Amino acid sequence: MEDALMYLNAPYLWGGRSPFGIDCSGFTQLVYKLSGIRLKRDAYEQAETGIQIHLLDESQTGDLAFFENSDGKISHVGIIMSPHKIIHASGKVRIDKIDHFGIYNAETKKYSHKLRLIKRIL
């Protein structure tokens, strides 16, 4: 998790993969790469890897959570910090609350992303 925290507050940049600008799947890809694990580039491709975790309470630090857009397609990914916290790139790399509905943004007081599935990458 220390690798993920290095990027905290890095600005969001679509297609970015550095502390100067990073997107959600670039963030997860880089954090996993630092641990020696290769992930594909896009969130929907990353969702094809690993073992599905059926309940948020069964998730572990480092599991990937995937979120869907209004069309039901996976469009966002983040890294579980605990069953109730996630680190992800949305506006910037940030830590937010997560529950079975999705990511809750305390600043806006509403859900920003709808939870679709959780995967454990081995």
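Start by selecting Glu-68: across from it, in strand β9, stands Lys-114. Keep in mind that this is a predicted model.

Now widen the selection to β9, residues 110–120. Strand β4 runs antiparallel to β9, and 5 bridges join the two.

Next, select β4 itself, residues 64–68. How many of its residues are buried? The count is 5 of 5, so the strand is mostly covered, given that buried means under 20% relative accessible area. Look at each face in turn. Leu-64, Phe-66 and Glu-68 lie on one side. Ala-65 and Phe-67 lie on the other. Both faces are covered.

Pick out Ala-65 and find its bridge partner in β5: Gly-78. Then follow the chain between the two strands. β4 and β5 form a hairpin, with 5 residues between them. Stop at Gly-72 in the turn, where phi is positive, at about 80 degrees.

Move on to strand β7, residues 93–98, and select Asp-96. Is Asp-96 buried or exposed? Its relative accessibility is 6%, so Asp-96 counts as buried.

Show the side chain of His-88 as well. The side chains of Asp-96 and His-88 make a polar contact at 2.8 Å.

Last, display the other contacts of Asp-96. Beyond its neighbours within four places in sequence, Asp-96 touches His-84, Lys-85, Ile-86 and His-88, along with Ile-103, Tyr-104 and Asn-105.

Technical notes. Residues numbered from 1 in each chain as written. Predicted model: local features only at pLDDT ≥ 70, side-chain atom pairs only at ≥ 80, totals over all residues. Heavy atoms only, no water. Helix = DSSP H or I, 4+ residues; strand = E, 2+ residues; numbered from the N terminus. Buried < 20%, exposed > 50% of the residue type's maximum accessible area, 1.4 Å probe, protein only. Polar contact = N/O pair within 3.5 Å; in protein donor to acceptor, adjacent residues only side chain to side chain. Contact = heavy atoms within 4.5 Å. Pairing = 2+ DSSP bridges.
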